[in-house]
Amino acid sequence: MSISCNLAGIPHPTFRPEPIPISFPPRFSNQMALEAAVEAAADLLDKAVKTVMVGGPKLRVAQAADASGYALAVMPSAKGLVPEHHAHFIGTYWGSVSTAFCSEIVE
């Protein structure tokens, strides 16, 4: 949401001076479904021949690469999050303008 700086202080009859209470319902997780999904994902990854992890800005990709042992590519938005000397780092994946050989490995 964006509010122009010249509009924020202008009074309006529909504005309320007190905050509007907002409550969000608690999120519930189906533990059995979560465990089944994790197991299915792990089985799929275990069967993969050459697994590559492509990480974005919201993932702790270096920690995940250390834990999994997978090759690691990052999207441009996550480039500064992984040191290029990381043992599993293969480059920045950005389609046809990826780091040399990175797109071939990822795709």
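The model is predicted, so local features need pLDDT of at least 70 and side-chain atom pairs count only at pLDDT 80 or more, while totals for chains, interfaces and linings use all residues. Residues are numbered from 1 along each chain as its sequence is written, and side-chain values use heavy atoms, with hydrogens and water left out.

**Overall make-up**

- The protein chain has three helices and three strands, taken as DSSP runs numbered from the N terminus (helices H or I, at least four residues; strands E, at least two).
- Along the sequence, these elements follow the pattern α-β-α-β-β-α.
- Of the 107 residues in the protein chain, 18% are buried (buried is under 20% relative accessible area, exposed over 50%, partly exposed in between; 1.4 Å probe, protein chains only).
- Among contacts (heavy atoms within 4.5 Å) between residues at least 6 apart in sequence, 13% join residues at least 24 apart.

**Strand pairing**

- Strands β1 (residues 52–55) and β2 (residues 71–74) run parallel and are joined by four bridges; two strands pair if DSSP finds at least two bridges between them.
- V52 has A71 in β2 as its bridge partner.
- β2 is also joined to β3 (residues 89–92), by three bridges, and these two strands run parallel.
- L72 has F89 in β3 as its bridge partner.

**Surface**

- The accessible surface of the protein chain is about 8900 Å², and 62% of this belongs to carbon and sulfur atoms (Shrake-Rupley method with a 1.4 Å probe; for residues, only the protein chains shown count as cover).
- A nonpolar surface patch is formed by I20, I22 and F24, with about 410 Å² of accessible area together.
- Patches are made of residues with over 30% relative accessible area and no salt bridge, with like charges joined within 9 Å and nonpolar side chains (Val, Leu, Ile, Met, Phe, Trp, Tyr) within 5 Å.
- I20 lies in the segment before α1 (31–47) and is exposed, at 57% relative accessible area.

**Salt bridge**

- One salt bridge is found in a search of the whole structure (a side-chain nitrogen of Lys or Arg within 4 Å of a carboxyl oxygen of Asp or Glu).
- The partners are E84 and K79, with the closest N and O atoms 2.3 Å apart.
- E84 is exposed, with a relative accessible area of 52%, whereas K79 is partly exposed at 38%.
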